[in-house]
Amino acid sequence: MTALAWTVFVPELFLLGAALLIFLLDSLGILRDRRVELFGGLATVAIVVALVGVLADLRFAPLASLATVPAGVVNAPWTLLGGSLVAVTSFGLVFQAIFLTSALLVSLASLSHPSDQKGAAIFFGLLLIATLGMTLAAFSADLIFLLLSIEITGISTYLLVGYTRRDPRGLEAAMKMYIIGALSAALSFFGASLLFSVYGTTSLATLGGPILYNTHFPPPLLGATSIALLGYGFLVVGIGFKVTVVPFHAWAVDVYDGAPSDVSAFLAGGSKKVGLFGYFLVFLVPILLSGRAPPGLPPIPVGFHVLIVHFGLPLQVVFGVMAVVTMTVGNVLALQQTEMKRMLAYSSISQAGYMLIGLAVATSPAVAGAVLLIFAHIFMKAGAFIVVGAVAGLGVGSRITDWKGVGLRFPFLGASFAVMLLSLAGIPLTVGFVAKFVLFSAAVQAQGWFVWLAVAGLLNSALSVFYYARVLRVMYMEKGEAVVVPIPAGAVAGGSDPPLLGVGGIGYGRAAAIGVAVAIIFAFGVYPQPVLASFQMAVNHLLQVL
Amino acid sequence: MSGPLNALFPWAFLVPLAPAIAFVIVGLFGRRMRRLEWGGWVAVGGAFVAMVLGVLIAVGEMLSPGTYTDRSFNWFTLPGNGTGTFPNGFSLVMGTLVDPLSAIMLIVVTVVGFLVMLYSVDYMHRDTGLPRYYAELSLFLASMLGLVLADNLLQFFLFWELVGVCSYFLIGFYYQRPAAASAAKEAFLVTRVGDVLFLGGIYIYFQQFATAGPGLGWAAAGFPFVFHGAPFLTLLHPPNPTLFTLAGLLILGGAAGKSAQFPLDVWLPDAMEGPTTVSALIHAATMVAAGVYLLAVTSVFIGFSATDSFAIVAIGGFTTFWAASMAMVNRDIKRVIAYSTVSQLGYMVLAIGAGFTMVGLYHLFTHAFFKALLFLAAGAVIHAVDTQDLFKMGGLRKTLRITSIGFLIGGLSLAGIPPLAGFFSKDDVLSSVYTAAQTHPMYWPFFVLAFATVFMTAYYIFRVWFLTFSGDRPRDPTLPPAHEAPWTMTVPILILSGLAILAGALVFVPQIGGLFTAGVGFPATPGVPPTYTTTDILLSVVSVGLGAGGILTAYVLWGNGRVFSLAEDSAAQPIRRLLLERYYVKTAVDWFGLRVVYAVSRFLDFVDEYIIDGTVHGFERLFSELSIRLRRLQSGVVLDYAAYVVVGLAVFLVFLYVIVPAIPALGGG
């Protein structure tokens, strides 16, 4: 067992420290008129430092040396009772980098909200706390620790959704998210307690493996495996809330629509991913250990029996069905949307369906493909929400038909949005295509019924082109000025006031965030090998550890 | 073995990169530059860097011949899951390959490319859209160099397609002219036929080699297709000869499209609608050579099939004669040279088919210089008199002295008059076909056609020379007074004149000749120029005699301002008309297109509109209905949402507790 060096927590300390500093400065009332610049700058710097720290833990790129991260061993691969709470794996570090990147994109974009001085402390402070929760989740070696970290993120995001306070729609969305979130959290913890009752531990490396039970106390009423399965059922539902899996997705549409665009960007780009990470961490063990004992099984104590369980296939079927249903329902519902943000919300739900294919197939290339899609999704979907925020800030209405001529009137925003939509649709030369390609071909490689997952994914991708292309047509082909409507105060943070900073009236920070997103979509669309290889190694590392 | 310049080989990728960077700079900022020619100088700079580096690498290859590959750039790895055909994943590696073949091509492409680029700066100065021109020409050069250095067929194909796209843009450079726009489309469509065939050939090779197995240890090593050199040679026992023959024919189809071989030759003469510089670079010296180069690099496999070899010989030999015959009557200076290109490409293909790959390359090498020279000289003429009609010109040797001498040198070289470059290579082609025909009697007819073409070649090129430069004054008095071109145009002409004289004899320098005799990786082809026996000398004498006869005939008919015209009732009139109408191939193609293709497309349109679109609309309606129904579930009431969560949970529990135990396959039962 390797002792963890405290230095791996430096990024988290920075996030926490910056958040506390922001709240402190806010209550002291320093620089009241420049709070966005001050707090936003602080938050951005803290996130950048944290990101650099994480990359340093990964020994900086080329990331090829991932597998040799010194602390990169799950501390307790097989513990009977107890085990450590946290472990550093390269898989977790990669996800930390993903979370921090999405937070960075959002905080960069939000630097352009000079009109929203009042909410600045809440926004940037909570953004940091939510990010802190996500990065902690990435260190989890224990189910309770994981769920608690996810809860930190959850509670901060409920507040973020309603942070402007003036906008009733935002408040309604926050309330809805809170209610469903609380329900889901309850279900998750109940599932965790069921698993604990069977395994006597909540160590993630042990859960889902062989069950150890005392010969004096035979398996309880329904049988140990049944109870464990029940626990997993509750966890599928509880964490599925974050991932926006159908039918636990309904809140997401109202919330993505009602929340300020940048918060929607963070929900789609960041907090959804922590749910997926939780899925991987909780379910890869029972799927992969199905029917076999983990390597390095220690001697069984006297008076105990070991029960080998077969959870793998049922769970894979569950995730396969969920993947197909989620992507199909998301796409079908996106077809008829008239509101831009609702369309993006449904598209985000369908993308979650594609990502679940990785969990259903559960081979190393499939998981790597899913991670690549998760990575890509930051830039396409969070980027798209950031563009929507910018366009709304320029006074264009929120309906898709209001976007007539946007592509010609605002060439930079229009072209960027087009690139993001094409990437979402999976058109070649974008990273969205590469991710889907790797994911689907992994499903095909796995043979058997997994091939049908790839088929469903392909058909769904074809279906999704309908609604993405419709937006492109409206932006570029349809005549007419972009419709300018009065914006309800606070609907888009900073929307009603003229921005202070330049670049076509959208602000430098936002322009930079959009530019970076587009550049990455292209760069890794043309030459994906660096990220793909490092994800592959991180996944292999995780699978070896299991 | 390693020479002093081998250290450069890992940097070979910089050769295509330099013009690619020029492309990006000119493409992005060309229009914002204060003077548009600056973009031209950037492009010239890119080409210059490529030339210096390319020639140095070629010299390095001369000093220590061998096959050098660098496969360190892993473009993309599709992860594998430990089973199946690619257990360790499947990598697409972009590599560079330096060997005698690519060294020869590097010299040709970079030198001609640089000279043409330099020539363009003044030639194009009157045109609009200059940044576009320089950007496209740079991209073309980059793609062509990428193709030359490619070490596997897939990478080759990527650059091949890029080259095709650039060619499309450049032929259609004057897109406002309908003829140019339609010529561009024609070139693109006709070469596309070849491209599809080529892709089919790649697929067969890929499929054959991939299934040939991980046992040989290279399924995981990347796209399993290094052209020549050790990795391939272990696999020379084709698993399926029929498929290999088919693959060879498909590759030949691709090469015929790019190199304008019969029957895919119609596009090249029409492609003369582009700027003359483009004709010189793309449609004489480099791009059309890509097809020949493809045949050369794949001749290792193709050469094994007697069927394929015969097909190559037949197509090459026939095209040689076919194109030369049409060149004899055309009155457009550029089109004559274009037909001549098709005809000369036929010679190269012929030599490769006969099994003498390096002889084909040798002719490619010399041809590139004298053909670029002819085009640039023709460009100078057009630049001076603003017409391409031979019958309006005349007497231009007085004003365009350098140009006329350059054209004369190019013509003599093309006609195969010793000791100019064309003599050596054409003579080698003829004697290699003669040698091959000893063992393959089927080759004799094509040898005869190729031999007859020598006379025709000399005749048509000197018909052009006499019509343009001899006589006292232009036949059309309205022509503007001609002036000799500026130095940026004459210097390339002079340099190319020097090369057109010397390039053939250069092979007698042992190091340069080594490139052509090394024959690295061609176990099946002798690859050595024929030894000079009495028969060979006799062949040379006869062919030089034929060439001289052609020149003499041209002089008698067209020299000193004479204009020869057939009598109206002459028996030769129908032949002349047949040649002018290009054997009615275009007419037939048009008729076929209008009647058959159009009818088929109308039928397909019907199918598309009612059956396919109907299905699509049906699905659209289905999904829309579904969408509307499902939307009602999105009530906005949070209690409903909570209910969905609970219902979802219930469904899972039913699945896990009722369905799973009932199905043994899921671990129940």
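**Phe140(B)**

I started with Phe140(B), which sits in helix α4 (residues 130–149) of chain B. For helices I take DSSP runs of H or I with at least four residues, for strands runs of E with at least two, numbered from the N terminus. This is a predicted model: local features need pLDDT of at least 70, side-chain atom pairs count only at pLDDT 80 or more, and totals for chains, interfaces and linings use all residues. Residues are numbered from 1 along each chain as its sequence is written, while chains are lettered from A and ligands numbered from 1 in the order in which they are written.

Is Phe140(B) buried or exposed? It counts as buried, because it has 25 C-beta neighbours inside 10 Å. My cut-offs: buried takes 20 or more other C-beta atoms within 10 Å of a residue's own, exposed takes 12 or fewer, and partly exposed is in between, with C-beta atoms placed from the backbone.

Next I looked up its partners, leaving aside neighbours within four places in sequence: Phe140(B) is in contact with Val163(B), Cys166(B), Leu170(B) and Ile282(B). Contact here means that the C-beta atoms, placed from the backbone, lie within 7 Å. I also checked Met287(B), which is 147 residues from Phe140(B) in sequence but 8.8 Å away in space, C-alpha to C-alpha.

I found a cis peptide bond between Phe262(B) and Pro263(B), with omega about 5 degrees. Pro263(B) belongs to the loop between α8 (241–258) and α9 (267–270) of chain B. Another cis bond runs from Pro418(B) to Pro419(B), omega near 5 degrees, and Pro419(B) is in the loop between α15 (401–415) and α16 (421–439) of chain B.

I placed Asp386(B) in the loop between α14 (357–385) and α15 of chain B. It is exposed, because 11 other C-beta atoms lie within 10 Å.

I noted ipTM 0.81 and pTM 0.80 for the model. Chain B has a mean pLDDT of 81, and 90% of its residues reach 70 or more; pLDDT is the predictor's confidence in each residue, from 0 to 100. Where does pLDDT stay under 50 in chain B? Residues 211–236 are one such stretch, and the model gives them 48 contacts beyond four places in sequence. Residues 519–530 of chain B are also below 50, with 39 contacts beyond near neighbours in sequence.

**Chain A, overview**

I counted up chain A: 18 helices and two strands. Of its 546 residues, 64% are buried. Among contacts in chain A with a separation of 6 or more, 81% are between residues 24 or more positions apart.

**α14(A) and what follows**

Helix α14 (residues 411–425) of chain A has 15 residues, so at 1.5 Å a residue it should span 21 Å; its end C-alpha atoms are 21 Å apart, which agrees. The expected span is 1.5 Å times one less than the number of residues. I see 11 of the 15 residues buried, so α14(A) is largely enclosed by the rest of the structure. Its buried residues include Phe417(A), Met420(A) and Leu424(A). What do they pack against? I listed α11 (340–361), α12, α13 (406–409), α15, α16 (450–476) and α17 (508–526) of chain A.

Just after α14(A), Gly426(A) has a positive phi of about 85 degrees. Leu429(A) has a positive phi as well, near 75 degrees, and is not a glycine. It lies in the loop between α14 and α15 of chain A. I call Leu429(A) partly exposed because it has 14 C-beta neighbours inside 10 Å.

**Cores and the A–B contact**

For the largest nonpolar core I got 217 residues, and Leu127(A), Ile357(A), Leu372(A), Leu439(A) and Ala443(A) touch the most other members. A nonpolar core is a set of buried Ala, Val, Leu, Ile, Met, Phe, Trp, Tyr and Cys residues joined through C-beta atoms within 7 Å. α12(A) gives the largest share of this core, 22 residues.

Last, I checked where the chains meet: the contact takes 42 residues from chain A and 33 residues from chain B. On the chain A side, α10(A) gives the most, with eight residues.

Notes: Contact = placed C-beta atoms within 7 Å.
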